[in-house]
Amino acid sequence: MIMNMKRYQMTILVFQKVKKIWQKQFRSFKNRLQILIFWYEFIQKGVTEVRDVGNVPDVYTQNMLLETENKNLKKDLKHYKQAADKAREELLKIQKERDFHRMHHKRTVQEKNKLINDLKGLKLHYASYEPTIRVLHEKHHTLLKQKMLTSLQRDRAVKQISRIQATSMYAVSGCGNSVPEIRAIPGREKEYAPEGPTQNDLHGTREQDKYKTKMKNKMDSKFPTAMQPNPNLYFCKENNRPAKFDYKLNNIFRLHSLPVSCIAIHPRKDILVSCGEDHIWKLVGLPKGNVLLTGCSHTDWLSNCCFHPSGNKLATASGDTTVKLWDLSKGNCILTFEGHGHAVWSCTWHTCGDFVASSSLDTTSKIWDVNSERCRCTLYGHTDSVNSIEFFPYSNTLLTGSADKSLSLWDARTGKCEQTLYGHMHSINDATFAPRGHIIASCDSCGVTKLWDFRKLLPIVSIDTGPSPGNEVNFDLSGRVLAQASGNGVIHLLDLKSGAIHRLMGHENEAHTVVFSHDGESLFSGGSDGTVRKWS
């Protein structure tokens, strides 16, 4: 009985628990049902749409998402910690390098200040020696003069001694022998008259004078010290005519079978010379263009030519490594200079007419003495081919342009480089002085033309007419117009006053050379088709 009662109580307890669980589930179901009813009502009323509502996440799904996000955040935190540690190490390393460079900079500044002080001391020390050096130079020049005077006195004394010895020998021989009988024959007294010591000395002096006269042309020429002023200075001041740019193609002279490399205008006559790669040069009369003379002694292409200041000689440069001088009155070669190791690109005459300078592919330039017929000096300094050379008008200064992208100014008397101009980025093909000598113009292989102030040795302006190369540049006699022969066949005319560029179109192929006539009314250009074109 007691057992049954216990079972009954247990059953009642279980039933109550089950009842409570079913009540909770019923309430939850009722709430969900009510929510569903409201949701369907909202859909029917159009308040919401089915696609806008997703699955309602339960707590477990939300917890899983949060745990996954937490793990990802922990991984990112670990990665950021590693990056921060690495950045900390880099920062320490950079700070150490900064401290090292700071110390090195301080040490460098100290050394610089020490060097500056040492230089100041050396300058003062050198300044103290300058008066002594000046005095020594003066003494040196005085001693040289004394040496020359002594040598002259010695030569005179030697002549007097030889004269006295000859007189004494004649006197001794005259005393020992009988005097010969001399008969006077009319008209022949001088022929058989015996010569005394004075006559012997006179005869020897005449022989020496004859020998000196013969050797005079073989002696070295002297560079002029007192040069006459440049006449172009006065011409440019008096010439007030406007610059000419409206050139038109007037005539075409077909002179060579291969490209024309150079054109030169005679200094006094209406004559020009053209050089070609067909190994010949031609003297052409203007304005008709008739060939007056032809020279054909070179064994390779001609690269350049230049008239003697008097106009009676011509110098030509060639790929056969020689420079030749020609007598234009006879048309024959009178002198050949040999010494360059490679092709000669350019040549120029000194204003005095006794020297010729040449530039070569062998990176050197040479100064040749016309009278002694030898190389007086070789100019070393460029590291690549020397493509252009020209004497400054009425001076001993030389200008060279090289493929090493530099211009150099040389003293022809000493052979030393006085100044080097840098600024071109490509090989320099040609360089020239303005007639007044105050401006230098140069052009390079990419068509860039630069103007330089010769007095300040600074660049003035740069004109880019590329990408075709600039082969040659030349000024007109007024110095206000610069012409450039371009690789694309165009002749560019630059107005130095306004900076405007005018173009002459007429060459079918590359234009190699360009030059103005003396009056500026005509322009001559040579091209790769072997023609010389006249523009006027």
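User: What does buried mean here, and is Cys-262 buried or exposed?
Analyst: Buried means under 20% relative accessible area. This is a predicted model. In it, Cys-262 has 3% relative accessibility. That value is under the cut-off, so Cys-262 counts as buried.

User: How many disulfides are there?
Analyst: A disulfide needs two cysteine sulfur atoms within 2.5 Å. By this rule, the count of disulfides is zero.

User: Why is Cys-262 in no disulfide, and which cysteine sulfur is nearest?
Analyst: The cut-off for a disulfide is 2.5 Å. The nearest cysteine sulfur to Cys-262 is 3.6 Å away, so Cys-262 is in no disulfide. That nearest sulfur belongs to Cys-305.

User: Is Cys-352 buried, partly exposed or exposed?
Analyst: Partly exposed lies between buried, under 20%, and exposed, over 50%. Cys-352 has 31% relative accessibility. It therefore counts as partly exposed.

User: In the largest nonpolar core, which residues touch the most other members?
Analyst: In soluble globular proteins, nonpolar side chains tend to be buried together. The largest nonpolar core here has 14 residues. Those touching the most other members are Val-273, Cys-275, Trp-281, Leu-283, Cys-305, Phe-307 and Leu-314.

User: Which elements give two or more residues to this core?
Analyst: The contributors are strands. They are strand S2 (260–265), strand S3 (271–276), strand S4 (281–285) and strand S6 (302–307).

User: Which residues does Leu-283 touch, not counting residues up to four places away in sequence?
Analyst: Leu-283 is among the core residues that touch the most other members. With residues up to four places away left out, its contacts include Asn-290 and Phe-307.

User: How far apart are the closest N and O atoms of Arg-98 and Asp-99?
Analyst: Arg-98 is partly exposed at 42% relative accessibility. Asp-99 is partly exposed at 35%. The two form a salt bridge, and their closest N and O atoms are apart by 3.2 Å.

User: Which residue meets Asp-411 in a salt bridge?
Analyst: Asp-411 has a relative accessible area of 14%, so it is buried. Its side chain takes part in a salt bridge at 3.2 Å, N to O. The partner is Arg-413.

Methods:
Residues are numbered from 1 along each chain as its sequence is written. This is a predicted model: local features need pLDDT of at least 70, side-chain atom pairs count only at pLDDT 80 or more; totals for chains, interfaces and linings use all residues. Side-chain values use heavy atoms; hydrogens and water are left out. Buried means under 20% relative accessible area, exposed over 50%, partly exposed in between (1.4 Å probe, protein chains only). A nonpolar core is a set of buried Ala, Val, Leu, Ile, Met, Phe, Trp, Tyr and Cys residues joined through side-chain atoms within 4.5 Å. Helices (H or I, at least four residues) and strands (E, at least two) are DSSP runs, numbered from the N terminus. Contact means heavy atoms within 4.5 Å. A salt bridge is a side-chain nitrogen of Lys or Arg within 4 Å of a carboxyl oxygen of Asp or Glu.
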